[in-house]
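Subject: A structure for you to explore

Hello,

Here is the structure I promised to pass on to you. Please open it beside this email, and then read on for what turned up.

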Amino acid sequence: MAKASDVKSGNILRFNGELVSVDEFLHRTPGNLRAFYQAKMRNLKTGKLVEYRFRTDEEVEIARVETNDYQYLYDDGDFFVIMDNDSYEQFNVPKSLFGDSARFLKEGMNVIVAFESEEPIMAQAPTTVDLEITYTEPAVKGDTSTNALKSATVETGVEIRVPLFVNQGDRVKVDTRTGDYIERVK
């Protein structure tokens, strides 16, 4: 157990039996009252934001979290199978931990996963990925209005919006957080 004064932004705490990530942690000393710590914490399972005031001497449980790079191997129902690059040990990680970026994962990509006592609690895909366009309509000559976009399907099966000059077989860089086209890759 640690004191509230040992907590920093970014720590993972076990708070009321749930794992929470500390988004903001401020020390307050109002007028003639006792000092306290004001915390904004996000529940890792539900994503709900929680605010709480800790006394300076209050005990908190800081969770031991191991974050590491892993290689994404394949999709297995509701789970993704990942492998530790050092020990070649494989783990099943729920797809829900990756959020919307899961649809851009391709076999062999590196992902970041955080474990707390053998249980995956957070997962993050790369912020950008290079994917091949498997299908798109050809551009029509003269169809060049400003910022004109057309639909294209990438190799993972996701449909994105790309500029008119992108053709089938081209490789493009995509932002996994928003699904937006960034640039064409040579």
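Let's begin with a pair of charged side chains: Lys173 and Glu183 form a salt bridge, with N and O 3.7 Å apart. The term salt bridge is used here for a side-chain nitrogen of Lys or Arg within 4 Å of a carboxyl oxygen of Asp or Glu. Side chains of opposite charge can pair when their charged atoms come close. This pair joins distant parts of the chain, since Lys173 sits in strand E15 and Glu183 in strand E16, ten residues apart. Strands (E, at least two residues) and helices (H or I, at least four) are DSSP runs, numbered from the N terminus. Lys173 is partly exposed at 23% relative accessibility, and Glu183 is partly exposed at 38%. For these words, buried means under 20% relative accessible area, exposed means over 50%, and partly exposed is in between (1.4 Å probe, protein chains only).

Before going further, please note that this is a predicted model, in which local features need pLDDT of at least 70, side-chain atom pairs count only at pLDDT 80 or more, and totals for chains, interfaces and linings use all residues. Residues are numbered from 1 along each chain as its sequence is written, and side-chain values use heavy atoms, with hydrogens and water left out.

How many salt bridges does a search of the whole structure find? The search gives twelve. One of them joins Asp170 and Arg184, at 3.4 Å from N to O. Asp170 lies in the loop between E14 and E15 while Arg184 is in strand E16 (residues 181-185), so this pair ties together parts that are 14 residues apart in sequence. Asp170 is buried at 19% relative accessibility, whereas Arg184 is partly exposed at 35%. There is also a network of salt bridges that links Lys106, Glu132, Glu155 and Arg171.

Next, the inside. The largest nonpolar core has 28 residues, and Ile82, Phe98, Leu105, Val111, Val113 and Ile160 touch the most other members. A nonpolar core is a set of buried Ala, Val, Leu, Ile, Met, Phe, Trp, Tyr and Cys residues joined through side-chain atoms within 4.5 Å. Among the strands that each supply at least two residues of this core are E7, E8 (79-84) and E10 (110-116). A second, separate core has twelve residues, including Val7, Val20, Val22 and Phe25.

Is Glu116 buried or exposed? With a relative accessibility of 10%, Glu116 counts as buried. Glu116 belongs to strand E10. Apart from neighbours within four places in sequence, Glu116 has contacts (heavy atoms within 4.5 Å) with Arg14, Leu19, Ala63, Arg64, Val65 and Ile121.

Finally, the pockets. A pocket is found on a 1 Å grid over the protein atoms alone: an open set of points where a 1.4 Å probe fits, with protein on both sides within 12 Å along at least five of seven lines, and lining residues have an atom within 4 Å of a point. The largest pocket has a volume of about 250 Å³, where volume is the space filled by probe spheres set on the points. Strand E7 (residues 66-76) gives the largest share of its lining, four residues. The second largest pocket holds about 210 Å³. Of its 13 lining residues, Leu44, Lys45, Glu119, Pro120 and Ile121 are the closest to its centre. Strand E11 gives the most to this lining, with three residues.

Enjoy exploring!
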